[in-house]
Amino acid sequence: MFSTLTKAAPACSLLTRSFSSSAQRNAKVAVLGASGGIGQPMSLLIKQSPLVSHLSLYDIAHTPGVAADLSHINSRAKVTGHMGPDQLAACLDKCDVVVIPAGVPRKPGMTRDDLFNTNASIVRDLADACAKVCPKAMVCIIANPVNSTVPITAEIFKKHNVFDPNRIFGVTTLDVVRADAFIAEAKGLDPAEVNVPVVGGHAGITIIPLISQCKPSVSFEADKLDAITKRIQEAGTEVVKAKAGAGSATLSMAYAGARFTFSLLSAMNGKQGVIECAYVKSSETDAPYFATPLHLGKNGIEKNLGLGKLSAYEKDLVEKAIPELKGNIKKGEDFAHKS
C-alpha cells in the first residue's frame, strides 16, 4: 500500500493471512490466456487462494492440460479448462473477477506499440465476451499495451451499455514491484518493507515512480534519481534483452498479476484499507486514464487517492507523460470505435 497507508502484502503473505478468514467469499476467477507464459504461473498462484472457489481457465490451445495439471493441487479452488471461442462464454459465466494476460509477448526490438495490432484485436474480442456474459465482473487487463487496451475494454463495455469505471483495471502492479525491488537493492533495505507508488501509465516515460513518497523515506542525488527512475521505466526491456528472444517478463508479471488479484479479492471479501496502484478511468490529470493509488472495496474502486504531493522532478515527469498517454488512449479508443 502506498503513501500514508499500509502497503499491500506480497502475494505469499496475503495468501497466508487469508486462510484465517472466517467469512470467505466464494469467488469465481477467470484467467483468459491461461496457457501462456504469464497465464500458467499466475493461475498456479491464484489456485492457492482460499478466496477462490472456482478457477476458470481459457485459451485457444492447451487449456485442458493446464487445467488438469492445476486440478491435482490440494487447494480449495475447482479448476475448469475452456478452449476456443465456442467455450469462452462457459468460462466467463458467473465470474466475479476476470484477469486477461492474453496476447503475444514482446520480443527484442519490439515496443509495446508494436504489439498493438495483434493484442488490440484479442482484447477487443475478450472484452466483448465479458460485457455480454459477466458485465458486473472486475476486469483486470494485463495484455499490452495497457495504456491502449484498457480504453479499448472501456469502449467495448460502453457499446453494451454496461461500463462501470470502478470495475475495469489496467494492472500496473509490476511497475510497483520493480520500484520496490530496485530501491531496496540500491539502499540495502528489505524489499518487502519498501513501498513506492507508481503512477501514470504502463510503458516507458508514462511509468512514473513517486520516489519522494517512498516509505521508508529515501533520497538520491539527482543523477542517481534519474538513473533509477529510468531503470524502472525500462525494466521490461531489460528482461526482454536478457531473455534474448525467449520471451518477456512472465514470472514477475505473473506474481504482480496474482498480487493485484489477491488484493482485489480481499477487498471484495470485506477487508479494509486495501490499496493498490492501477491504470483506470480518471480525472486526476488531463489524461482520461491514469494510474494512481486506489482504495479498493467490495464494488471495485472505493476511492481514487490521487497523486499526493509531488516533487519538482515528478511534476516534470507527469507533464512529459501526459501527451504520450493521450496518444495511447486515443489509439485504443479509435480502434474500438472502428471495430
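Strands S1 and S2 pair in the parallel sense over six bridges, and Lys28 stands opposite His54 in S2. The model described here is predicted. S1 also pairs with S4, again in the parallel sense, over three bridges. The points below follow these strands, then the nonpolar cores, and then several individual residues and helices.

**Strands and their pairing**

- Strand S2 spans residues 52–59 and is mostly covered, with seven of its eight residues buried.

**The nonpolar cores**

- In soluble globular proteins, nonpolar side chains tend to be buried together.
- The largest nonpolar core of this model has 48 residues.
- Leu32, Leu92, Val98, Ile100, Tyr279 and Phe290 are the residues with the most contacts inside this core.
- Several strands each supply at least two residues of the core, namely S1 (27–32), S4 (97–100), S5 (138–141) and S10 (289–297).
- Helices H4 (88–92), H5 (116–133), H6 (146–159) and H11 (312–338) likewise each supply at least two of its residues.
- Apart from this core lies another one, of 42 residues, which includes Ala34, Met42, Met138 and Met268.
- Phe290, leaving aside neighbours within four places in sequence, is in contact with residues including Ala278, Tyr279, Val280, Ser282 and Thr285.
- The contacts of Phe290 also include Val199 and Gly200, as well as Leu307, Val318, Ile322 and Leu325.

**Cys91 in helix H4**

- Cys91 lies in helix H4, and it counts as buried because its relative accessibility is 0%, where the cut-off for buried is under 20%.
- Leaving aside neighbours within four places in sequence, Cys91 is in contact with Lys28, Ala30, Leu32, Ser56, Leu57, Tyr58 and His82.
- Cys91 and Lys298 are 207 residues apart in sequence, and their C-alpha atoms are 23 Å apart in space.

- Thr229 lies in helix H8 and counts as buried, since its relative accessibility is 1%.
- Not counting residues up to four places away in sequence, Thr229 touches Pro209, Ile211, Tyr313 and Leu317.
- Gln213 is found in the loop between strand S8 (207–209) and helix H8 (222–233).
- With a relative accessible area of 10%, Gln213 is therefore buried.
- A polar atom of the Gln213 side chain lies 2.8 Å from the backbone oxygen of Leu307.

**The crossing of helices H2 and H3**

- The axes of helix H2 (residues 39–47) and helix H3 (residues 63–71) come within 11 Å and cross at roughly 30°.
- This crossing of H2 and H3 is right-handed.
- Gln40, Ser43, Leu44 and Lys47 are the H2 residues that meet Val66, Leu70 and Ser71 in H3.

Definitions and conventions:
Residues are numbered from 1 along each chain as its sequence is written. This is a predicted model: local features need pLDDT of at least 70, side-chain atom pairs count only at pLDDT 80 or more; totals for chains, interfaces and linings use all residues. Side-chain values use heavy atoms; hydrogens and water are left out. A nonpolar core is a set of buried Ala, Val, Leu, Ile, Met, Phe, Trp, Tyr and Cys residues joined through side-chain atoms within 4.5 Å. Buried means under 20% relative accessible area, exposed over 50%, partly exposed in between (1.4 Å probe, protein chains only). Helices (H or I, at least four residues) and strands (E, at least two) are DSSP runs, numbered from the N terminus. Contact means heavy atoms within 4.5 Å. Two strands pair if DSSP finds at least two bridges between them. A polar contact is a pair of N or O atoms within 3.5 Å; within protein, one must be able to donate a hydrogen and the other to accept it, and residues adjacent in sequence count only if both atoms are side-chain atoms. Axes are lines fitted to C-alpha atoms, for helices over the stretch in contact, and angles run from 0 to 180 degrees between N-to-C directions. A crossing is left-handed if the near helix is turned anticlockwise from the far one by less than a right angle, and right-handed if clockwise.
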